[in-house]
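Please view the sequence and the model together while reading.

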Amino acid sequence: MTSTLSRVPSWALVLASLAFGAIVWETVGQLGFSLIFPPLSDVMSTVYEVWTSERFRDALTNTLTTLAIGWPLSVGLGLIVGTLMGRFKVVEWALDIYVNVFLSIPLIATIPIILLLFGLGRPSIIVIVFMATFFQVVINTSSGVRAVAAQYDEMARSFGANEFQRMVRITIPGALPLMLTGIRIATGRCVRAVIFAEQIISVIGLGGLLQSYGGALRVEETWAIIIAIAIIGLTSMEIVRYLEGVMLRVFPQGHQISGA
Amino acid sequence: MIEVQGVGRVFERGGHQEPFVALDDVTLTIQDQEFMSLIGPSGCGKTTLLRMIGGLIKPSSGRISIDGNPVKGPGPDRAIVFQNFLLLPWANVLSNVSFGLEARGRRRKEVRELALDAIARVGLTGFEKNYPHELSGGMQQRVGLARALAVSPKILLMDEPFASVDAQTRQILQEDLLRVWRGTKTTIVFVTHSMEEAVYLSDRIAVFSRSPGQIAEVIDVQIPRPREDSARKTSEFTDLTGHIWEQLRWAVEEDQHIERAAANE
């Protein structure tokens with residue numbers, strides 16, 4: 001069974017799974033159980049209508065712009081702060097408690113404060129994205145850096161390598177697997193946070209559009225937006241996963257000597 | 001010339017335990033171009049002494065100097081070959097061997113030339129693009145040796161370098177090390193727990209006892225060089241290994257006696 005399946009290309013399995021899901025959806029829709037589940041064929045014709053509308057394109061551009069600002073900002077700063085925390089005890093002592101606090105309070109609890117501080121616009125959304133993403137990258141990066149065995153550092157010191165050389169040749173490549181996992185998790189959170197924040201603010205981006213269609217009980221249109229969001233989420237995860245694979249081929253991990 | 005004068009090293013232990021005296025009042029002089037082995041039971045402080053000569057840790061007492069200058073840290077005159085190789089898994093052979101040269105800020109072209117030359121000297125030409133995990137243990141340690149040789153150290157510090165490879169590979173590595181050493185004439189300080197290895201390679205052997213780590217005896221190895229594999233079968237060779245075993249056995253038995261006495265208290 002597994003051996004037969006393993007010979008089928010994985011994209012074919014994905015397509016088969018999607019086709020099955022579509023058939024189930026269409027059948028349930030045709031049976032007319034609920035207004036919330038219109039037949040897939042109706043949704044698909046609406047998808048075309050909605051996706052080609054100017055309103056959708058504006059919202060999409062808006063959301064992607066926010067992602068294009070928020071993602072690199074949170075991931076980039078997360079990598080830097082995480083590396084410093086993993087590398088220098090003083091930085092860890094100073095920041096560890098804050099990282100843990102922000103990782104443990106629910107995002108939604110901070111939203112009133114963020115909105116008061118940054119207003120009902122993109123700045124607030126970017127801050128919410130940052131809150132959802134940054135700390136995840138920090139925690140993974142710092143534990144990745146700490147997991148690189150001290151013995152490598154000693155080797156580097158014996159050859160006279162300075163702090164910068166040790167960072168570039170040892171710490172960062174050694175911490176790469178955990179860093180990349182952190183980035184992958186953070187990317188999923190990033191997309192979810194953008195939509196979530198836009199929904200709260202209600203007038204911007206795909207999240208805003210979702211709110212307005214949902215509020216008007218336009219079920220097909222709502223589904224069209226949800227499908228668009230799912231595609232954005234999946235695509236960004238796939239891109240990150242692909243880059244992760246490339247990085248790990250460039251910096252193979254072999255049997256790294258472990259140690260704390 | 002490496003001068004170790006009255007060197008001691010104490011390690012603090014956690015909790016309420018007594019500090020551990022790894023080395024106590026060790027004095028030893030190692031001549032230029034000499035092959036000196038440090039041998040002893042585990043915990044006798046031989047690796048600690050090597051790391052102090054390398055400048056990775058500081059003595060708690062006494063002083064270590066090289067050509068009259070006190071050791072203050074790692075320096076370009078020394079390179080270390082580590083027991084578990086410590087090759088960077090994400091760097092290929094050429095990049096690993098280049099590490100020390102790059103750390104010392106040599107120019108790119110020079111780094112490549114010197115690294116390729118060191119790789120050739122340890123017999124790894126053709127493996128420059130391979131990653132450590134693609135190589136056997138013996139080959140990985142050749143990379144470790146090449147990395148150290150590449151920086152042309154005056155003193156090569158080797159910390160049980162062949163302890164984690166199989167016996168056959170080990171003999172080949174020992175022969176190759178002697179061949180490389182003939183070509184460079186660096187001073188070598190070689191930590192080992194193998195008596196045969198110490199006798200086969202060394203000009204002199206410092207035999208350590210432990211608790212606390214001290215030098216019990218320094219032995220001259222008079223077996224003529226170049227030493228072929230057949231040197232291992234001469235009576236001088238077996239006499240010397242036998243003599244060292246007496247020394248180590250005494251140390252080990254003494255320790256066991258102390259342990260038993262402590263257990264009875």
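The model is a predicted one, in which local features need pLDDT of at least 70 and side-chain atom pairs count only at pLDDT 80 or more, whereas totals for chains, interfaces and linings use all residues. Residues are numbered from 1 along each chain as its sequence is written, and chains are lettered from A and ligands numbered from 1 in the order in which they are written.

**Chains and core**

Between the chains, 21 residues of chain A are in contact with 20 residues of chain B; contact requires C-beta atoms, placed from the backbone, within 7 Å. On the side of chain A that touches chain B, helix 8 (150-158) and helix 9 are the elements that give two or more residues. Helix 8 of chain A supplies the largest share, 7 residues. Helices (H or I, at least four residues) and strands (E, at least two) are DSSP runs numbered from the N terminus.

The largest nonpolar core contains 128 residues, and those with the most contacts inside it include A:Ile128, A:Cys190 and B:Ala146. Such a core is a set of buried Ala, Val, Leu, Ile, Met, Phe, Trp, Tyr and Cys residues joined through C-beta atoms within 7 Å. Helix 9 (residues 163-201) of chain A gives the most to this core, 16 residues. A residue is buried with 20 or more other C-beta atoms within 10 Å of its own, exposed with 12 or fewer, and partly exposed in between, the C-beta atoms being placed from the backbone. Leaving aside neighbours within four places in sequence, B:Ala146 is in contact with residues including B:Val97, B:Ile119 and B:Leu124.

Helix 3 (residues 40-51) of chain A has buried residues A:Leu40, A:Val43 and A:Val50. Seen down the axis of helix 3 of chain A, these fall within an arc of 80°, so they line one face of the helix; the arc is that of the directions from the helix axis to the C-beta atoms. The face turned away from the buried side carries the exposed residues A:Ser45 and A:Tyr48. Among the elements that cover the buried residues of helix 3 of chain A are helix 2 (10-31), helix 4 (54-87) and helix 11 (219-250) of chain A.

A:Glu244 is found in helix 11 of chain A. This residue counts as partly exposed because it has 17 C-beta neighbours inside 10 Å. The C-alpha atoms of A:Glu244 and A:Leu180 are separated by 6.1 Å, although the two residues are 64 apart along the chain.

**Strands of chain B**

Four strands of chain B form an open antiparallel sheet in the order 2-1-4-5. Strand 2 (20-30) and strand 5 (69-70) of chain B stand at the edges with a single partner strand each, so one side of each is left without a neighbour in the sheet. Strands pair if DSSP finds at least two bridges between them.

| Strands of chain B | Sense | Bridges |
|---|---|---|
| Strand 1 (residues 2-11) and strand 4 (residues 61-66) | antiparallel | 5 bridges |
| Strand 3 (residues 35-39) and strand 9 | parallel | 4 bridges |
| Strand 9 and strand 10 (residues 214-220) | antiparallel | 6 bridges |

In strand 9 (residues 204-209) of chain B, 5 of the 6 residues are buried. B:Ala206 in strand 9 of chain B stands opposite B:Leu38, and its bridge partner in strand 10 of chain B is B:Val218.

Terms used. Contact = placed C-beta atoms within 7 Å.
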